[in-house]
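Let me put the thing up on the screen and then I'll talk you through it.

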Amino acid sequence: MEQKEKNRRPLITTILVVVNAVVFLITDLVFFHEQNRIVYYMALNTELVLNKGEFWRLFTSMFYHFDIEHVMFNMLMLYFVGVIIEPFFGRIRFFILYFVSGLLADVTSIIYNSLIVGESSKNVFEAGASGAVYGLFGAFAVMLMFLRDERLKEERRRLPLMIFFLLFGNIFNKSVGHAAHFGGFFAGALLGACYCICLRKRQDGKWRTKG
């Protein structure tokens with residue numbers, strides 16, 4: 001029983017929050033006078049990824065934040081949803097969910113900037129964990145719809161409002177990377193659906209065995 005409870009602790013969520021916080025402390029506080037260089041080398045930029053082959057930005061931009069409000073808001077959302085869904089999906093699946101959502105959020109942003117924004121995207125630098133966090137919320141939304149668990153009953157009632165607020169709450173804010181948010185959300189929802197199908201089959205198998 002003790003080992004089972006230990007496995008249910010949101011270890012990966014905690015590690016991700018700590019890593020993001022440490023990266024912020026190093027980049028924003030220790031190297032305060034080098035901000036322009038840090039943004040240039042760590043943030044996501046469509047031109048530099050596609051034409052210069054700087055694909056590392058797909059990863060570094062997920063951990064870099066522009067200011068303290070930016071990192072605090074993302075970490076609060078990450079912890080809020082992570083402590084709920086990590087015990088359900090397991091640590092390895094949760095880790096994969098986070099990174100795949102973040103990467104596909106960045107890819108979506110690059111596609112949007114290339115096809116819609118065009119030349120002006122050369123001057124656009126994006127950063128933050130929100131694409132990955134939105135992926136967690138996408139998986140959470142799917143989990144609420146498909147998993148049979150009484151612990152999720154209250155959250156299920158808030159689902160429509162949660163989705164609306166996440167996807168359209170800042171729709172008129174031009175400084176927000178909406179394409180990354182949508183891309184991360186739906187990537188997480190798709191991967192979360194795959195997880196839920198596996199969990200449902202496992203639950204159904206247990207119920208048939210007991211019956």
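So, one term before I start: when I say contact, I mean heavy atoms within 4.5 Å. And keep in mind that what you see is a predicted model.

With that cut-off, take Asn45. Leaving aside neighbours within four places in sequence, Asn45 is in contact with Arg57, Ser121, Lys122, Asn123, Val124 and Phe125. Where does Asn45 sit? In the loop between α3, which is 35–42, and α4, which is 46–50. Is Asn45 buried or exposed? Buried, because its relative accessibility is 1% and the cut-off for buried is under 20%.

What does the side chain of Asn45 do in there? One of its polar atoms lies 2.9 Å from the backbone oxygen of Lys122. The side chain also reaches the backbone oxygen of Val124, at 3.0 Å. And Val124 is 79 residues away along the chain, yet the two C-alpha atoms, Asn45 and Val124, are separated by 6.2 Å.

There's another asparagine I'd like you to click on, Asn20, in helix α2, residues 11–30. Asn20 counts as buried too, with 0% relative accessibility. Again skipping neighbours within four places, the contacts of Asn20 are Met62, Phe63, His65, Val71, Met75, Tyr98 and Ala129.

Tyr98 takes us to helix α7, where Tyr98 is one of the buried residues. α7 covers residues 91–117, so 27 residues, and spans 37 Å from first C-alpha to last, close to the 39 Å expected at 1.5 Å a residue. Others on its buried list include Phe94, Leu97, Phe99, Gly102, Asp106 and Asn113.

Now for the outside. There's a nonpolar surface patch of about 940 Å², made by Ile92, Phe95, Ile96, Val100, Leu104, Val107, Ile111, Tyr112, Leu115 and Ile116. Ile92, which is in α7, counts as exposed because its relative accessible area is 65%, and exposed means over 50%.

Zooming out to the whole protein: eleven helices and zero strands. Of the 211 residues, 45% are buried. For the contacts with a separation of 6 or more, 77% come from residues 24 or more positions apart.

Terms used: Residues are numbered from 1 along each chain as its sequence is written. This is a predicted model: local features need pLDDT of at least 70, side-chain atom pairs count only at pLDDT 80 or more; totals for chains, interfaces and linings use all residues. Side-chain values use heavy atoms; hydrogens and water are left out. Helices (H or I, at least four residues) and strands (E, at least two) are DSSP runs, numbered from the N terminus. Buried means under 20% relative accessible area, exposed over 50%, partly exposed in between (1.4 Å probe, protein chains only). Patches are made of residues with over 30% relative accessible area and no salt bridge: like charges are joined within 9 Å, nonpolar side chains (Val, Leu, Ile, Met, Phe, Trp, Tyr) within 5 Å. Accessible areas come from the Shrake-Rupley method with a 1.4 Å probe; for residues, only the protein chains shown count as cover. A salt bridge is a side-chain nitrogen of Lys or Arg within 4 Å of a carboxyl oxygen of Asp or Glu. A polar contact is a pair of N or O atoms within 3.5 Å; within protein, one must be able to donate a hydrogen and the other to accept it, and residues adjacent in sequence count only if both atoms are side-chain atoms.
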